[in-house]
Amino acid sequence: MAKIKVAKSAPRTDMTPMVDMFMLLLTFFMLTATFRPQEPTQVDTPGSISEKITPERNVITVYVGKDNKVFFNLDNGEDSTLHIRQEVLKNVGAAYNLSFTPEQLSKFERMSAFGMPIEKMGAWIDAPNESERQLLQTGIPVDTTDAATSELANWILYARKANPRAEATIRGDNTADYKAVKQVLDIFQGAKINQFNLVTNLEKVEVKLD
Amino acid sequence: MAEIIANEGGGKKKGKKRAKKFSTAIDMTPMVDVMCLLLTFFMLTTAFSKPKVMEIVLPDPPDPNIKTPRVEIPKARAVNIILDENDRIFFYNGLADPTKPPIPTVFESDYSKDGIRKMLLERNRSLFKSIEELNNDVLTGKQVMPRDTLEKRLRDLRKYDDLGPIVLIKATEKVKYKNIVDIIDEMAICNIARYSLTDMNSFEVKLLAKAKRDIAAAQTGQPQ
């Protein structure tokens, strides 16, 4: 009598839960990936072996672009109820006899880096779209022409007053002139800041002493 | 994503020949593969994409009202590195003082590992070795110490070093930011204990110009 053969079928695990998990994890990581903040100008930072991570809170950032234009950014620190950005804008505006409406102040709070003479700030905040906004960004003046201190110096001074724990961070482009960066460093030193973080890309270097 | 397994086992039925039902199961393996890859990618890039910072500390700018005594740098330890435009880099040992001959020779180097790094490593051999030994010991477990102690030991090695070079970094007008960051990076790579960013004096400017002329002449093979 022939043996009854049971149809052999390869055991099939139902993959549904695993793919569900994958999808959830993927969505999680995609959403928690922090997007790079919109930078006012394209900056290619130089490389270095330094492994210290860029601080995200309590920073005063100065960008020096390819064309040596200077842009500025400051964050709201750890306590957003202090409205540090608004404070600083109000004070810097007052130093140049300019005032801003409450709507402009609250709009400014949510924006990021900027770079233009203080007179154009109002127009920049109220600009209807991104391209017009970009046109106004001609760089913050760093020269001391008629005033005792340059505009950048004033921004840094008031930013420091509003948030004494802020660290100075400089994002310089590779091809920016060292002279322009040195000017920024001198302005910082004028504000009694002697410790700087220069943003770089990580480079691994093998050193062998022969 | 259920697998619809059509009626496969109906082969034994005798009688009317049925049109063979194709199984509508879509093989999900490639999709799961791609998901796995995407997931790994995002997991890794969110961790590594943070830009890094290089910390530098500059000394307080000298107060023009207070006359600070000039610090005398021992001639034997001084190394002057001059950065020039077009990624050129020069260096000379000792101090360039027209009142104190001999005038040092200016050499040209480059930013590669056989250039300025080789020169600095040679000069800084003992300090570099001791720092590397300490780091290796901690890595391999020969010496165990908390991170703070390690950092303090490294700082002390630098502080009490009296053999390594004292580097004076100077830059001409047209130097790019990248050059400065690169040279400060070399200071960190070679574990240089003391360096500073200073301005060139007029004598050095002339010395550099002469050196460039000499090097150009030597390259074209013309008599000076």
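B:Ile56 in strand S1 of chain B is the bridge partner of A:Phe196. The model is predicted. The strands involved are S1(B) and strand S6 of chain A, residues 195-202. They pair in the antiparallel sense. The pairing runs over 6 bridges.

The contact between the chains extends to other elements. In chain B, 40 residues are in contact with 46 residues of chain A. Four elements of chain B each give two or more residues to the side that touches chain A. Strand S1 (52-57) is one of them. The others are helix H1 (29-48), helix H3 (125-140) and helix H5 (177-189). H5(B) provides the largest share, with 9 residues. By class, the side of chain B that touches chain A holds 26 nonpolar residues.

Chain B itself comes to 6 helices and 6 strands. Along the sequence, the order is α-β-β-β-β-α-α-α-β-α-β-α. Among contacts in chain B between residues at least 6 apart in sequence, 60% join residues at least 24 apart.

Chain A contains 7 helices and 6 strands. From the N terminus on, its elements run α-β-β-β-β-α-α-α-α-α-β-α-β. The radius of gyration of chain A is 25 Å. For 210 residues the globule rule gives 17 Å, and the value for chain A is well over that, so chain A is more spread out than a compact globule. The C-alpha trace of chain A spans about 110 × 60 × 30 Å along its principal axes.

Burial and contact range were computed for chain A as well. Of its 210 residues, 30% count as buried. Among contacts in chain A between residues at least 6 apart in sequence, 66% join residues at least 24 apart.

How values were computed:
Residues numbered from 1 in each chain as written. Chains lettered and ligands numbered in written order. Predicted model: local features only at pLDDT ≥ 70, side-chain atom pairs only at ≥ 80, totals over all residues. Contact = placed C-beta atoms within 7 Å. Nonpolar A, V, L, I, M, F, W, Y, C, P; charged D, E, K, R; others polar. Pairing = 2+ DSSP bridges. Rg over C-alpha atoms; globule rule 2.2 N^0.38 Å. Buried ≥ 20, exposed ≤ 12 C-beta atoms within 10 Å, placed from the backbone.
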